[in-house]
Amino acid sequence: MNDKGFFLLETVVLGLILFAAAGVFGTYAISSRLRADSENRLTAAFLAQKQLACVQGNATVLKAAAGSIPWQDPASVQPILKNGKEFYIKTDLQNTEDEVLKQVEVVVQWQERGKTCQLKFVKLVKCDG
Amino acid sequence: MTLLEVIVALPLLSIMLLSLGTAFLLLLRMYFCDLGDGELQEQLRLAAVNIVTDVSYADRVEVQQDGLKIWSRRRSSGQGWINYRLKDPLSVGKITKNTQPLTGDSIHGDIRITKLHCSKMNERTLLLEIEGINKTTGKIFSIETAAFLQNAVMAADS
């Protein structure tokens, strides 16, 4: 038997142990990141729903000409700080072929690990009061 | 393998296995804490979706001090109204829909709803804020949204 150095088997076993440890850590890191992502997406989706409902309930805004609409809740200003994140909301009102219907587009943006993420919602809204 | 090699290898192996085992248990614990936080998120989402849907198709909505009362002709059985309440925010912390709990206990964490705030923005828009905490991790999560009343206007505040 050659006593110098390691056997191939020893090296392979050590490699497998390290690989398994890295796998466990990696899986946890990914699941944790996904949960944080889903938290931000959920918050953003509900903020967009809020803006859409407020626009729908505001006849003055709906009767205005097409263009940008400000954040509708007077109790908060942009960026909206929610669950430890800052959310920016852009809303656009567009005319459609049908005079009674208008298209409302809400885009919610936030920063995540240095990248800008966004969710976009589009809804057709009746504007005859 | 000499005795000296065994004496050196065994403690090294023990330290390696112990640290790997500890790290694994720690990760497992953090994973279950994360599951609890996810459960908190899911309970708030469920409550918000339920309330917004009921308000959207209501015939009449009344904002009350500790909740919301919604009248609807679409309810085929029982009384014609739905009552959303926040039950004991300091101890139990559950949202109830009439007498049934809408949010509840979870094996993943001690989840409590701490805030159910409804306010009238205008005659046809209801603002809603729900906040909850996972007491196990201390994680606080809140949802802020609004509902547009498709068929009705809101009753005066009681």
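Predicted model: local features only at pLDDT ≥ 70, side-chain atom pairs only at ≥ 80, totals over all residues.
The accessible surface of chain A comes to about 8000 Å², as given by the Shrake-Rupley method with a 1.4 Å probe, where for residues only the protein chains shown count as cover. Carbon and sulfur atoms account for 61% of that surface. Residues are numbered from 1 along each chain as its sequence is written, chains are lettered from A and ligands numbered from 1 in the order in which they are written, and side-chain values use heavy atoms, with hydrogens and water left out.

Let us stay with chain A. Two helices and five strands make up its elements; these are DSSP runs, H or I of at least four residues for helices and E of at least two for strands, numbered from the N terminus. Their order from the N terminus is α-α-β-β-β-β-β. The radius of gyration of chain A, taken over C-alpha atoms, is 25 Å, well over the 14 Å that the globule rule gives for 129 residues, so the chain is more spread out than a compact globule. That rule is 2.2 Å times the number of residues to the power 0.38. Along the principal axes, the C-alpha atoms of chain A fill a box of roughly 90 × 35 × 20 Å. Of its 129 residues, 35% count as buried, meaning under 20% relative accessible area with a 1.4 Å probe and protein chains only, whereas exposed means over 50% and partly exposed lies in between.

We turn to the interface. How many residues of chain A are in contact with chain B? There are 29, and they meet 31 residues of chain B, contact being heavy atoms within 4.5 Å. The area buried between the two chains is about 2500 Å², with 63% from carbon and sulfur atoms; this is the accessible area (1.4 Å probe) that two parts lose on being put together, summed over both. On the side of chain A, the residues that lose the most area to chain B are A:Y28, A:R35 and A:F46, together 25% of what that side buries.

Next, the interior. In soluble globular proteins, nonpolar side chains tend to be buried together. A nonpolar core here is a set of buried Ala, Val, Leu, Ile, Met, Phe, Trp, Tyr and Cys residues joined through side-chain atoms within 4.5 Å. Which members of the largest core touch the most other members? Among its 32 residues, they are B:V55, B:L68, B:I95 and B:I130. Helix α1 (8–56) of chain A and α1 (3–56) of chain B are among the elements that each supply at least two residues of this core. With seven residues, α1(B) gives the most. A second, separate core of 21 residues includes A:V55, A:V61, A:V106 and A:C127.

Finally, the strands of chain B. Two strands pair if DSSP finds at least two bridges between them. Strands β6 (residues 111–122) and β7 (residues 125–134) of chain B are antiparallel, with 10 bridges, and B:I111 stands opposite B:N134. Two residues form the hairpin link from β6(B) to β7(B). Strand β3(B) is joined by four bridges to the antiparallel strand β4 (residues 94–97) of chain B, where B:R85 is opposite B:T96. Six residues lie between β3(B) and β4(B) in their hairpin, and B:D88 in the turn has a positive phi of about 40°.
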